[in-house]
2 protein chains.
Amino acid sequence: MDKKVTIYDVAREANVSLATVSRVINGSSVVKQATKARVLEVIERLDFKPNEIARGLAKSKTTTIAVVFPQSLFAHVKDMIGGIGDTSRTLKYTVTFHTTDDIGEDNMVNELVEKLVKSRADGVILFNNEFLEEEINQISKYKIPIVVVGDYMAGDNLGSIHTNVKQAIYDITCERLEKGIDDILFVTTHQNLLSDEEMISGIQEAYAKYNKTFDQILESSSEYEESYKQFQEYFKTHKHQLVIATNDKEGVAVINGATDNQISIPDEMEVIGMFNTTYALMSKPTLTSINIPIYNMGALAVRLLTKMLNNEEIESNDVEVKYILIQRQSTK
Amino acid sequence: MDKKVTIYDVAREANVSLATVSRVINGSSVVKQATKARVLEVIERLDFKPNEIARGLAKSKTTTIAVVFPQSLFAHVKDMIGGIGDTSRTLKYTVTFHTTDDIGEDNMVNELVEKLVKSRADGVILFNNEFLEEEINQISKYKIPIVVVGDYMAGDNLGSIHTNVKQAIYDITCERLEKGIDDILFVTTHQNLLSDEEMISGIQEAYAKYNKTFDQILESSSEYEESYKQFQEYFKTHKHQLVIATNDKEGVAVINGATDNQISIPDEMEVIGMFNTTYALMSKPTLTSINIPIYNMGALAVRLLTKMLNNEEIESNDVEVKYILIQRQSTK
DNA sequence: TTGAAAGCGCTAACAA
DNA sequence: TTGTTAGCGCTTTCAA
């Protein structure tokens, strides 16, 4: 076990050429059964594990996909990692993770691309974030296939997995406006997996339909503690009929902040969160939330990307997944 | 940009041998300034990015570290990823992620090791889990350095980052026993980042010190929804003076389950969670929790591993990090 | 200070 | 069905 055993060792021991060994480990069908058996026996006996690096060099393919995301999006990416991990495992791809700061130092994107290119990842999965466009531009130069999660995107060597949040928000808003409820607050944070611009335009279009204009947007911290404090203050002097938050953590902060000010939820004020995370289950009252199939988005991203890599048939390189509104106690 | 530019292209363009180019990109000091400048200019102009795969093959080093964890531990690993990502980024290491099932199929560990060995990762970071021993045994055979997070471990090519939870639990328990509080319930889940055996022995030793025996242990689901239901039932017929949970999610489930049964916290029952996560801030009352510096543990794991890889001086390959009890409303 | 050349461990024509 | 051989793109002696 001391010296790494190579394909040469196997070849010598099995009395065949290394080409034959290579054929065996790559499942070529031309090898005679007897030879194959002999080679396999030797591989087993010597505990030979083909060096993926050497193979990568020879084939100019690494069967590696790079996943890139800003730290702040981690909470969302987290649930996706299950889907990404499982799928890439069954598809025999290795995944490398690259996190970026949120600070957005000037050369951050450059550094990232440098690393991606050097590592010769076959493809990359990106998440909707404020530097997305820049990232795509840079990476595309090197013809590396990209799949973006969280925003609509399609093109050459470029696909995406997304969900129609705009529609979701539009529907919710229309439903309230229909009932005469029009004091809606939209709460967002700096970084979000799903485009908050889309969501806002969803609300706006709904308002427009009822000949009203919408402009109640509040930005809060992605740190629960901070946004909770913010809402504790905020609800001393404010109250709305409905609050829509871009994620459950904010939603819970709203519930707790409002409750501290004796605002009764959902009677006086309704709250809706997003992503249907564990957070939504913990609050009192529990939080109504838009469920986004995060795990699936991860799985689909890997699936789509590998299809692109292997030139498989692709129905659409711009995949939409369905959301569902999960009703809980924070809405009527 | 179409054909990948290689070191040959640079060499030709700069009128030097590829050895010289190699020296330049590896920062060798022997190259004449003028030559170096010329080469760098060409590198820039051609946008040459050295192929890490080829380099890996030539040097038999990949500057890659593999991080392996079971899906169920993700919630904990999540916060560590920041530390792992940041540190490996500054140290110029690439990290690959490998998740394992919790099902623990027979050959799961074998498959994992197969992948690790083939990928020629320089080192691996493992997390405390039920298959840890098996994983270590298998991986060690290939002389791949390992750092374990979450449990004490030391040896040849083996280090660890851990925290003395046993002491933490021991202290907490003693403090109560001193006051005559001896009805303590310990709540654990199937998989945990920190060894619950350690924690339990911490309680037991405290009890022993007071000539009592401890045996109130409850296993609950790692799914909040399930454990919440479990505690809603449980506290219909039970009550304790103190509940210690192996993580905040369980702690919140306890608080909510008990509160539903009109058990007043902390007056009638105290609750302590672990890891000091956002969950602990959301509950009402907020949850007292043992803060474990998760980010640092990730950073330290990478640091220790890279030291092992580069034969740097190591004070101890068994690093202990400090915990702190964060007092909140769920304890008196 | 630089260059020539032999690997690193594998794949993939091309021959046999 | 198998073997020979030329790469893949870099690092690293050894000479010059």
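These are my notebook entries on a predicted model with chains A and B and DNA strand C.

**Entry 1: strand 1 of chain B**

I started with strand 1 of chain B, residues 64-70, and looked up how covered it is. Seven of its seven residues are buried, so I noted the strand as mostly covered, taking buried to mean 20 or more other C-beta atoms within 10 Å. I then went through the two faces separately. On one side I found Thr64(B), Ala66(B), Val68(B) and Pro70(B), and on the other Ile65(B), Val67(B) and Phe69(B). Both faces are covered.

**Entry 2: what strand 1 pairs with**

Which strands run beside strand 1 of chain B? I found strand 2 of chain B, residues 94-100, which runs parallel to strand 1 and is joined to it by seven bridges. As an example, I looked up Val67(B), and its bridge partner in strand 2 is Phe97(B). I followed the chain from strand 1 to strand 2 and passed through helix 5 of chain B, residues 74-90. This β-α-β crossover is right-handed.

I also found strand 3 of chain B, residues 123-127, paired with strand 1 in the parallel sense over four bridges. Here I noted that Ala66(B) has Val124(B) as its bridge partner in strand 3.

**Entry 3: Pro70(B)**

I picked out Pro70(B), which is found in strand 1 of chain B. Why does Pro70(B) count as buried? I counted it as buried because 22 other C-beta atoms lie within 10 Å, and the cut-off is 20 or more. I also checked Asp101(B), which is 31 residues away from Pro70(B) along the chain. The C-alpha atoms of these two residues are separated by 5.7 Å.

**Entry 4: around DNA strand C**

I listed the residues that surround DNA strand C and got 27. The closest are Ile7(A), Ser22(A), Ala58(A), Lys32(B) and Thr35(B). I sorted the residues of this surface by kind: 15 are nonpolar, eight polar and four charged.

Which helix gives the largest share of the surface near DNA strand C? It is helix 4 of chain A, with five residues. Helix 2 (18-25) and helix 4 (52-59) of chain A, and helix 2 (18-25) and helix 4 (52-59) of chain B, each supply at least two residues.

**Entry 5: the two copies**

Last, I laid chain B on chain A. A turn of 180° with a shift of 0.0 Å along the axis does this with an RMSD of 0.1 Å. I wrote this down as the relation of a two-fold axis. I noted that the same surface serves both copies, since 100% of the contact residues of chain B recur in chain A.

Methods:
Residues are numbered from 1 along each chain as its sequence is written. Chains are lettered from A and ligands numbered from 1 in the order in which they are written. This is a predicted model: local features need pLDDT of at least 70, side-chain atom pairs count only at pLDDT 80 or more; totals for chains, interfaces and linings use all residues. A residue is buried if 20 or more other C-beta atoms lie within 10 Å of its own, exposed if 12 or fewer, and partly exposed in between; C-beta atoms are placed from the backbone. Two strands pair if DSSP finds at least two bridges between them. A crossover is right-handed if, with the strands pointing away from the viewer, the path from the first strand over the helix to the second runs clockwise. A residue is near a molecule or strand if its C-beta atom, placed from the backbone, lies within 6 Å of it. Ala, Val, Leu, Ile, Met, Phe, Trp, Tyr, Cys and Pro count as nonpolar, Asp, Glu, Lys and Arg as charged, and the others, Gly among them, as polar. Copies are superposed by least squares on the C-alpha atoms of residues with pLDDT of at least 70 in both. Two residues are in contact if their C-beta atoms, placed from the backbone, lie within 7 Å.
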